[in-house]
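Me: I would like to learn how to read a few features of a protein model. Could you take me through them one at a time?

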Amino acid sequence: PRLSYVRTYVHPRVIDRINIAKAAHRGAYRLVLRSEVRPHFVYLDGSLSLPPEIPHKTVIRGDDRIPVVAAASIIAKVMRDRYMTRLAKKFPKYKFETHKGYGTRVHIRAIKRYGPSPFHRGSFITHFV
């Protein structure tokens, strides 16, 4: 069998408008729609869900229990880290290449010093700064 994957992106403004949980659900649904082959069944990690007409099961800690979910988790992390490294070139003062956008001391200090970038979620700023 051939392994293929698709990816999607939900803009920070959308996340702020609809909340991160709804944005994650939207992203999961987009992934199903973008798949080359319509999946017969979808495993989701954590608290994600899809519309009921799409056969799926959400598994808490699915990345620990189901190999394909673990693979998807690794692919997502690598892709996100690469995206953050590219953002670091556009916004070097935030040092995205070191913390990858997580709420580290270095990241929080940069936001306090320079203000948020266009790629920061307002909800992230409110929560951490």
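Reply: Gladly! Let's start with surface patches, which are made of residues with over 30% relative accessible area and no salt bridge; like charges are joined within 9 Å, and nonpolar side chains (Val, Leu, Ile, Met, Phe, Trp, Tyr) within 5 Å. A salt bridge here is a side-chain nitrogen of Lys or Arg within 4 Å of a carboxyl oxygen of Asp or Glu. Accessible areas come from the Shrake-Rupley method with a 1.4 Å probe, and for residues only the protein chains shown count as cover. Before we go on, note that this is a predicted model: local features need pLDDT of at least 70, and side-chain atom pairs count only at pLDDT 80 or more, while totals for chains, interfaces and linings use all residues. Residues are numbered from 1 along each chain as its sequence is written, and side-chain values use heavy atoms, leaving out hydrogens and water.

Me: Which residues form a nonpolar patch on the surface?

Reply: Leu3, Phe41, Tyr43 and Val68 do, with about 410 Å² of accessible area together. Val68 lies in helix H4, residues 67-90; helices (H or I, at least four residues) and strands (E, at least two) are DSSP runs, numbered from the N terminus. Buried means under 20% relative accessible area, exposed over 50%, and partly exposed in between (1.4 Å probe, protein chains only). Val68 has 47%, so the residue is partly exposed.

Me: How should I read the span of H4, and what does the helix pack against?

Reply: The expected span of a helix is 1.5 Å times one less than its number of residues. H4 has 24 residues and reaches 35 Å from its first C-alpha to its last, close to the expected 34 Å. For the packing, recall that an α-helix has 3.6 residues a turn, so residues three or four places apart point the same way. In H4 the buried residues are Val69, Met79, Asp81, Met84, Leu87 and Ala88. They pack against strand S1 (42-45), helix H3 (62-65) and H5, where contact means heavy atoms within 4.5 Å.

Me: What does Asp63 touch, leaving aside its neighbours within four places in sequence?

Reply: Asp63, which sits in helix H3, is in contact with Asp45, Val69, Ala70 and Ser73. Its relative accessibility is 31%, so Asp63 counts as partly exposed.

Me: Where is Asn19, and what is its phi?

Reply: Asn19 is in the loop between helix H1 (12-18) and helix H2 (20-34). Its phi is positive, about 95°, although Asn19 is not a glycine. Lys100 is not a glycine either, and has a positive phi of about 55°. Lys100 is in the loop between helix H5 (96-99) and helix H6 (105-114).

Me: Are Asn19 and Lys100 buried or partly exposed?

Reply: Asn19 is partly exposed at 34% relative accessibility, whereas Lys100 is buried at 17%.

Me: How many aromatic pairs does the structure hold?

Reply: A pair of aromatic rings is described by the distance of the centres and the angle of the planes. Rings of Phe, Tyr and Trp (its six-membered ring) pair if their centres lie within 6.5 Å; planes under 30 degrees apart count as stacked, over 60 as edge-to-face and the rest as tilted. The structure holds 6 such pairs. In one of them, the rings of Phe91 and Tyr94 have centres 6.4 Å apart and planes at 65°, so the pair is edge-to-face. The rings of Phe91 and Phe119, with centres 5.7 Å apart and planes at 70°, are also edge-to-face. That pair links distant parts of the chain, 28 residues apart: Phe91 is in the loop between H4 and H5, and Phe119 in the loop between H6 and helix H7 (122-128).

Me: Which residues form one aromatic cluster?

Reply: Phe91, Tyr94, Phe96, Tyr114 and Phe119 do.
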